[in-house]
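Okay, everyone, let's get going. Have a look at this one with me.

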Amino acid sequence: MLRLSATVLLTLAFWPFAASAQEEPPPSRCVAIAEALPSATYASFTAPKAQTPPLAEAFVDGDVTITYAGHSTYIIETPAGVRIATDFSGVYGADPLPRVVTMNKAHRTHYSDHPDPAIEYVLRGWNPDGGPARHALVVDDVYIRNVPTDIRNGGDRGKDGNSIFIFEVAGLCIGHLGHLHHRLEDAHYGAIGRLDILMVPIDGGMTLSLDRMTEITARLYSSMILPMHRHATPISEFTGRMGDDFAVEFLSGRSLTVSLKTLPDRPTIIILEGV
């Protein structure tokens with residue numbers, strides 16, 4: 001029992017406070033408890049009935065549509081019709097307007113100072129008042145949380161300036177690394193938990209080197225890897241580093257539809273049109 005309590009405390013050190021009116025963050029289907037670092041075992045959390053997040057049983061399963069809009073912006077559309085835009089600057093993914101946007105502040109191309117007021121939820125990956133951003137928000141059938149990381153700022157780390165956003169929907173765990181600038185520590189991996197789908201920047205230097213990003217991608221070992229933030233980096237430089245454990249698939253369109261039942265059996269790097 002003592003061992004379990006210690007591992008729970010390790011995870012809660014990175015657990016975001018509720019961004020909505022809930023007193024406690026909803027239980028995560030994806031979060032990991034790191035019992036024996038650096039490996040992690042995954043736990044299924046069952047909260048008391050009164051604290052269970054208001055996710056209708058009909059939405060535990062279903063199809064999620066993911067569209068590459070541009071740069072680091074992916075559009076996630078949930079079975080209930082919630083439209084989410086990642087690293088939203090207003091340039092990509094604004095038509096039709098998303099209901100939820102996430103942002104990171106490393107560069108102007110990842111956030112907007114003046115998002116459309118019609119956007120219902122604007123989730124910044126940093127805290128303008130200082131300290132880490134804390135998000136734990138349920139919007140219809142999706143639970144959105146964040147894991148704070150740092151960014152470079154004039155040669156120095158910008159403490160808590162970036163967030164890895166995680167979207168839990170239809171039984172899937174979808175993670176967006178944002179503008180990640182440093183290697184992840186064991187506690188980060190424990191807070192992230194299982195990721196079925198990973199959105200990873202492969203610019204090769206503005207975020208992390210391809211070697212470092214490959215290391216993170218390999219350790220997370222997601223069923224589906226969606227590159228982004230590519231700039232001039234040849235796709236083959238990233239896929240080649242990932243090795244034979246990862247399949248590679250090029251799709252002709254900008255969108256894909258996925259569910260828990262249709263995830264590939266083998267970890268697969270999927271390159272959508274425009275990436």
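So, is Phe-246 buried or exposed? Phe-246 is buried, at 6% relative accessibility, where buried means under 20% relative accessible area, exposed over 50% and partly exposed in between, with a 1.4 Å probe and protein chains only.

Quick housekeeping. This is a predicted model, so to speak of local features we need pLDDT of at least 70, and side-chain atom pairs count only at pLDDT 80 or more, while totals for chains, interfaces and linings use all residues. Numbering starts from 1 along each chain as its sequence is written, and side-chain values use heavy atoms, with hydrogens and water left out.

Back to Phe-246: it forms an aromatic pair with Tyr-221, edge-to-face, 5.4 Å centre to centre and 75° between the planes. Rings of Phe, Tyr and Trp (its six-membered ring) pair if their centres lie within 6.5 Å; planes under 30 degrees apart are stacked, over 60 edge-to-face, the rest tilted. Tyr-221 is partly exposed, at 44%.

Now the core. The largest nonpolar one has 56 residues, and Val-64, Ile-66 and Tyr-74 are among those with the most contacts inside it. By nonpolar core I mean buried Ala, Val, Leu, Ile, Met, Phe, Trp, Tyr and Cys residues joined through side-chain atoms within 4.5 Å. A second, separate core of 7 residues includes Ile-75 and Met-103.
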